[in-house]
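Let's take a friendly walk through the charged side chains of this model and a few of its backbone details. Please keep the viewer open as you read.

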Amino acid sequence: MATMKFLCDTKRCIECNGCVTACKNENDSALEWGIQRRRVVTIRDGEPGEASISVACMHCSDAPCMAVCPANCFYKTDDGIVLHDKDTCIGCGYCLYACPFGAPQFPKKGAFGSRGKMDKCTFCAGGPEENFSDAERQKYGSNRLAEGKLPMCAELCATKALLAGDAEVVSNIFRERVVYRGADNGAWK
């Protein structure tokens with residue numbers, strides 16, 4: 001079974017926020033106000049060496065959110081995707097502080113965050129509910145993986161900076177890009 005991963009190529013990301021919009025549109029029924037499962041972060045904005053990166057849950061091999069959750073609401077699928085059971089979540093926020101990517105989030109009822117059930121990127125894999133059920137769509141959003149598709153954020157990345165899928169395939173694509181960039185012609189691939 002493949003291990004699914006995200007990888008963002010900072011040399012290709014143009015900070016268009018297409019991935020953010022694609023995620024929001026694909027999972028709109030599941031997202032409460034203030035939840036943004038994916039965001040684009042720019043480092044050294046306006047300075048030499050500026051880089052942008054699309055960030056969401058990275059579905060870690062040894063996920064810190066899983067390690068600190070007292071309710072054991074996080075679980076890993078056979079293909080390495082870290083999912084969250086909203087029915088089990090007690091809203092303690094430990095996962096929020098443990099995650100280096102800021103993936104778990106509380107919904108916002110106003111200008112400030114409030115407690116409640118956590119939400120996070122699902123890699124467009126739905127949740128613990130029955131595949132393609134109304135309950136799954138309302139709580140967790142789209143289940144594109146069950147349809148044999150990749151997450152919408154990666155599918156709609158205009159520059160193909162955001163890669164998603166089998167970790168080995170994603171790594172090989174990125175490795176080829178890095179080797180090609182080192183070529184004498186300085187081509188962009």
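## A negative patch

Glu-50 sits in the loop that runs between strand S2 (39-43) and strand S3 (51-55); helices (H or I, at least four residues) and strands (E, at least two) are DSSP runs, numbered from the N terminus. With 39% relative accessibility, Glu-50 is classed as partly exposed. The classes are buried for under 20% relative accessible area, exposed for over 50%, and partly exposed in between (1.4 Å probe, protein chains only). The areas come from the Shrake-Rupley method with a 1.4 Å probe, and for residues only the protein chains shown count as cover.

Together with Glu-15, Asp-45 and Glu-47, Glu-50 forms a negative surface patch. Patch members have over 30% relative accessible area and no salt bridge, with like charges joined within 9 Å and nonpolar side chains (Val, Leu, Ile, Met, Phe, Trp, Tyr) within 5 Å. Lys and Arg count as positive, Asp and Glu as negative, while His and the chain ends are not counted. Each charge is placed at NZ of Lys, CZ of Arg, CG of Asp or CD of Glu.

## About the model

This is a predicted model, in which local features need pLDDT of at least 70 and side-chain atom pairs count only at pLDDT 80 or more, while totals for chains, interfaces and linings use all residues. Residues are numbered from 1 along each chain as its sequence is written, and side-chain values use heavy atoms, with hydrogens and water left out.

## Salt bridges

Side chains of opposite charge can pair when their charged atoms come close. Here a salt bridge is a side-chain nitrogen of Lys or Arg within 4 Å of a carboxyl oxygen of Asp or Glu, and that rule gives a count of seven. One of them joins Asp-9 and Arg-177 at 3.1 Å, N to O. Asp-9 is in the loop between strand S1 (4-8) and helix H1 (18-26), and Arg-177 is in helix H6 (residues 167-181), so this pair links distant parts of the chain, 168 residues apart. Asp-9 is buried at 1% relative accessible area, and Arg-177 is buried too, at 6%.

Asp-119 and Arg-37 form another salt bridge, 2.7 Å from N to O. Because Asp-119 is in the loop between H3 and H4 and Arg-37 in the loop between H1 and S2, the pair ties together parts 82 residues apart in sequence. Both Asp-119 and Arg-37 are buried.

Leaving aside residues up to four places away in sequence, Lys-120 touches several residues, including Arg-37, Cys-57, His-59 and Phe-74; contact means heavy atoms within 4.5 Å.

## Two positive phi angles

Arg-44 is not a glycine, although its phi is positive, at about 60°. Its place is the loop between S2 and S3.

Asn-72 is also not a glycine and has a positive phi of about 50°. Asn-72 lies in the loop between helix H2 (64-68) and strand S4 (74-76), and this residue is exposed, with a relative accessible area of 60%.
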